[in-house]
Amino acid sequence: MRRKHTNGRVSDYWASNLSYLKCIFFFVTIVLRSCDSLNFSLLWIAPSRSSPFGTGKVRSLPFTTYQIPHIGDYRINSGCRVKPFREATRNAVSDITHDRRNSVKPQASKRREGNRCESVGKLINNCNRVKYVVSLHARDRAKMTPTNLSFCWSQIAKLVTMNNIDRNDLRIKRNQERMQLLLNDTISSIEKFGPRNIATTCHKLAKLEKICRWKIGENVWRCLESEIIRISESFSAREIANIAWALAKAKRSSPAVWSQVDLATLRCINEFKSQEIANTVWACATVDYYSPELFDKIEEVALPRLCEFNSQDIANTVWAYAKTNHSSPHLFKNIADVALPRLCEFNSQNIANTLWAYAKSGHPSFDLFDKMSKDALPRLHEFRSQAIANTVWAYATVCQLSPQLFDRIAELALFRLHEFDSQDIANTVWAYAKNGHSSPELFDKIAVVALPRLREFSSQAVSNTVWAYAKTGHSSPELFNEVVVVTISRLHEFNS
């Protein structure tokens with residue numbers, strides 16, 4: 001380390017000894033060029049702290065060892081500064097550097113050769129594009145174990161989740177062919193996969209279908225389902241939850257496989273984490289699989305652990321119980337108590353799903369609805385069209401008024417009605433009529449939007465729409481005339 005001195009005579013000291021230092025480095029240059037091997041160290045001669053002139057104190061700096069084939073092992077002081085010295089010294093150091101660089105090359109080459117011997121799993125993990133993953137599989141198919149094949153799907157799913165470039169890679173014909181090759185190898189060795197690899201593969205394939213809309217194929221899912229049934233007793237809690245989520249996302253509703261998922265869940269339900277509980281019950285409701293024993297057991301396990309649930313887990317759980325019409329007043333009451341102080345964590349979809357669930361199940365929590373209306377107001381622009389419709393429908397169903405919320409939603413909906421489907425439109429006008437909240441501009445706009453799309457409406461949606469206009473006394477002759485035509489042509493669909 002360079003020492004700072006207040007006396008300017010330090011520079012004079014170095015100038016007076018410059019010739020001495022030149023001689024040292026010139027001698028070193030000669031020795032390096034003439035000796036086959038040499039161990040030496042360069043010492044830094046610095047003035048002592050006691051005197052700016054000093055008698056000189058020899059200090060050794062940290063050494064760095066270099067391997068040079070034609071010279072051997074030697075040490076050079078890494079703290080020496082070579083720039084102030086003459087050409088001879090610079091040439092010497094340049095030669096040392098050049099020899100050192102050349103000496104590293106064989107070592108780097110050995111490392112590259114070692115990389116080729118690394119496990120296939122590490123190579124898969126190093127792939128940063130989907131096309132590299134499928135190319136690696138095509139090249140090293142013979143080396144791929146079931147775990148490697150499962151890891152390929154994990155890496156592909158991770159990459160397509162991260163960016164759109166990899167999603168575009170899947171549209172390229174060559175990559176699609178290689179993906180199909182990977183899929184074929186997966187199916188051909190499916191019996192060797194084991195529980196963990198089966199669960200991982202199902203989860204990642206379902207994610208690919210969801211994100212990229214890439215159709216895996218009926219035969220692939222049947223093979224996976226057969227293997228799930230065969231080894232259902234071997235799955236852990238996490239693997240069961242991942243399989244249930246995957247089957248729900250892929251819209252696989254086979255009673256045979258779901259009955260095995262049911263039994264496996266009951267077997268190790270006490271080992272489930274909060275997210276796994278919520279995902280499993282959500283998956284069952286999504287595919288309309290209802291098991292009273294399973295839902296009762298999940299309620300029993302979930303109640304003492306509700307504080308562990310995050311906002312997504314809470315919304316998914318109440319949504320599932322409401323969707324299957326499973327009566328759980330104690331669960332809904334406790335969830336409302338847990339959710340109230342944490343509503344700031346809920347996103348727009350969680351708010352809408354929770355409101356819908358409480359309204360659908362017939363377990364209204366007026367404190368929860370009141371707090372949610374206040375939290376939703378500044379975030380209504382984040383709501384999707386279905387979330388908007390479900391929110392007003394929920395408030396109307398439990399007969400809870402929220403004028404400020406309804407006014408704001410009416411303003412927002414005027415500009416977004418083109419996003420609403422037929423069910424959203426019918427639910428929205430029904431909710432405003434049921435709560436007696438007047439919004440003439442909204443009803444006029446809905447009449448214009450609904451008129452050309454009336455044939456898309458279900459019989460129940462048609463009935464709810466005309467009832468809402470009649471209840472509010474809002475006249476729309478063109479809409480009613482079209483309703484008459486549609487009703488006559490589909491009269492058999494209407495209840496007597």
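Predicted model: local features only at pLDDT ≥ 70, side-chain atom pairs only at ≥ 80, totals over all residues.

Begin with Phe-443, which counts as buried because its relative accessible area is 2%, buried meaning under 20% relative accessible area, exposed over 50% and partly exposed in between (1.4 Å probe, protein chains only).

Residues are numbered from 1 along each chain as its sequence is written, and side-chain values use heavy atoms, with hydrogens and water left out.

**Aromatic pairs**

Keep both residues selected: Phe-443 and Tyr-469 form an edge-to-face aromatic pair, 5.0 Å centre to centre with 70 degrees between the planes. Rings of Phe, Tyr and Trp (its six-membered ring) pair if their centres lie within 6.5 Å; planes under 30 degrees apart count as stacked, over 60 as edge-to-face and the rest as tilted. Phe-443 belongs to helix α22 (residues 440-450) and Tyr-469 to helix α23 (residues 459-472), so the pair ties together parts 26 residues apart in sequence. Helices (H or I, at least four residues) and strands (E, at least two) are DSSP runs, numbered from the N terminus.

How many aromatic pairs does the structure hold? There are eight aromatic pairs. Select Phe-369 and Tyr-395 for another of them, edge-to-face at 5.1 Å centre to centre and 70 degrees between the planes. This pair links distant parts of the chain, with Phe-369 in helix α18 (residues 366-376) and Tyr-395 in helix α19 (residues 385-397), 26 residues apart. Both Phe-369 and Tyr-395 are buried. Then select Tyr-290, Phe-295 and Tyr-321, which form one aromatic cluster.

**Two loop residues with positive phi**

Select Asp-288, in the loop between α13 (274-286) and α14 (292-302). Its phi is near 60 degrees, a positive value in a residue other than glycine. Is Asp-288 buried or exposed? Asp-288 counts as exposed because its relative accessibility is 59%.

Lys-251 is the next selection, in the loop between α11 (237-249) and α12 (255-267). Phi of Lys-251 is likewise positive, near 60 degrees, and the residue is not glycine. Lys-251 has 70% relative accessibility and therefore counts as exposed.

**Helix α12**

Select α12, a helix of 13 residues. From first C-alpha to last, α12 reaches 18 Å, close to the 18 Å expected at 1.5 Å a residue, where the expected span is 1.5 Å times one less than the number of residues. Its buried residues are Val-257, Trp-258, Val-261, Asp-262, Ala-264 and Thr-265. An α-helix has 3.6 residues a turn, so residues three or four places apart point the same way. To see what covers the buried residues of α12, show a set of elements that includes α10 (218-230), α11, α13 and α14.

**The core**

Now select Trp-153, Ile-156, Ile-198, Trp-221 and Trp-258, the residues with the most contacts inside the largest nonpolar core, which has 131 residues. A nonpolar core is a set of buried Ala, Val, Leu, Ile, Met, Phe, Trp, Tyr and Cys residues joined through side-chain atoms within 4.5 Å. Which helix gives the most to this core? It is α11, with nine residues.

Centre on Ile-198. Leaving aside neighbours within four places in sequence, Ile-198 is in contact (heavy atoms within 4.5 Å) with Ile-190, Phe-193, Leu-224, Glu-227, Ile-228, Ile-231 and Phe-235.

Move to Asn-197, which lies in helix α9 (residues 194-212). Asn-197 counts as buried because its relative accessibility is 11%. With neighbours within four places again set aside, Asn-197 is in contact with Pro-146, Thr-147 and Ser-150.

**Cysteines**

Select the cysteines. A search of the whole structure finds zero disulfides, a disulfide being a pair of cysteine sulfur atoms within 2.5 Å. For Cys-127, the nearest cysteine sulfur is that of Cys-152, 7.8 Å away. Cys-127 is buried because its relative accessible area is 10%, whereas Cys-344 is exposed because its relative accessible area is 64%.

**Whole chain**

Finally, clear the selection and view the protein chain, with 24 helices and four strands. Of its 496 residues, 47% count as buried. Among contacts in the protein chain with a separation of 6 or more, 73% come from residues 24 or more positions apart.
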